[in-house]
Amino acid sequence: MKTISEKKRRHLESLSNEHGVIAALAIDQRGSIMKMMGKYKSGLANEKAIEEFKCLVSEKLTPYASSILLDPEYGLPASKVRHEKAGLILAYEKTGYDANQVGRLPDLLENWSAGRLAREGADAIKILLYYDVDEGEEINDIKHAFVERVGDECRALEIPYFLEIVSYDAKIEDVKSKEYAKIKPHKVIEAMKVFSQEHYRVDVLKVEVPVNMDYVEGYGQDVLHSKHEALAYFKQQSEATRLPFIFLSAGVSAELFRKTLYFAKEAGSTFNGVLCGRATWKDGVEPYTKGVEEANGWLEEQGRENMEELNAALNDTATSWKERLS
């Protein structure tokens, strides 16, 4: 069990519900939202539209979330209209990575620091890291130092540090392929072990589920993992870290994400919440391209339903982070 300071504990309390579960909404996407908007309406994907959509999502859905994850590039206006009881997590990394450079290397936003994000009201700092545990040391050591550097910033400020790990394999282009699904449990679980080490200063891991559910018996047509095997991977994941860990939705449907949480519970996983993004709001992009009124209508009905159903699932499945931190 990891020990944290009283100041960090208070911040984590602000990000959690009454059960000590992180029921957070994520809308720190930048490039992907541009692509979504552009798909439905050419020319709409601009800074003003992205800021407005994030504001609508924040205003309408944070009454049903314990906190919200935003970016400082387009999300600060949305942070000002969130529900008064919703905590704030701010992203510190640049979106995406340079596809022309080997290794999917991370980078920080140039005009920001952990201190500046804290002064904007952040209760926690988040960075996203693309990580292949089997990639060469010349690549991974750059990433290790990067994670350490941010960890030391957060430690000095006594602000919680959330590390989002997105796994991949340097030799497999499609992470949704059956080829990658075979090795995904190894990639996810081993990465969690690496960054659970104390010198990285991570307080909460934001991670993928350890299997692609499309290849699990009873969930997909092309079965790679039996139900028993998949349950075992969820259990191994839970035992791989002493840190609190929460699941990202990875763009799957709201229904599949909820089913996955129940699957994790059945496996005996003691996960501590979610930072759920596209699964809750992505279907609201198309109504937004038709107008604010249409977007509000969708968010107040389907968006709210998605959040309430997710909260019900979390009440049934997630455990408090207080069982992993003292």
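This is a predicted model: local features need pLDDT of at least 70, side-chain atom pairs count only at pLDDT 80 or more; totals for chains, interfaces and linings use all residues.
Is Lys2 buried or exposed? I looked up its relative accessible area, which is 6%. The cut-off for buried is under 20%, so Lys2 counts as buried.

Next I asked what surrounds Lys2. Leaving aside neighbours within four places in sequence, I listed contacts with Glu198, Arg201, Val202, Asp203, Arg242, Leu243, Arg324, Leu325 and Ser326. For Val202 I also noted a distance: its backbone oxygen lies 2.6 Å from a polar atom of the Lys2 side chain.

Then I turned to helix α3, residues 47–61. I counted along its 15 residues and found a reach of 21 Å from first C-alpha to last, close to the 21 Å expected. At the start of α3, a side-chain oxygen of Asn46 comes to within 3.2 Å of the backbone nitrogen of Lys48. I also checked burial in α3: the buried residues include Ala49, Ile50, Phe53, Lys54 and Leu61.

My last stop was a helix pair. How do α9 (residues 254–267) and α12 (residues 292–317) pack? Their angle is about 5 degrees and their axes are 9 Å apart. On the α9 side, I found Ala254, Phe257, Arg258, Leu261, Tyr262 and Lys265 making the contact. From α12, the residues include Asn306, Glu309, Leu310 and Thr317. I sorted the residues of this contact into eight nonpolar, two polar and four charged.

Note on methods: Residues are numbered from 1 along each chain as its sequence is written. Side-chain values use heavy atoms; hydrogens and water are left out. Axes are lines fitted to C-alpha atoms, for helices over the stretch in contact, and angles run from 0 to 180 degrees between N-to-C directions. Helices (H or I, at least four residues) and strands (E, at least two) are DSSP runs, numbered from the N terminus. Contact means heavy atoms within 4.5 Å. Ala, Val, Leu, Ile, Met, Phe, Trp, Tyr, Cys and Pro count as nonpolar, Asp, Glu, Lys and Arg as charged, and the others, Gly among them, as polar. Buried means under 20% relative accessible area, exposed over 50%, partly exposed in between (1.4 Å probe, protein chains only). A polar contact is a pair of N or O atoms within 3.5 Å; within protein, one must be able to donate a hydrogen and the other to accept it, and residues adjacent in sequence count only if both atoms are side-chain atoms. The expected span of a helix is 1.5 Å times one less than its number of residues.
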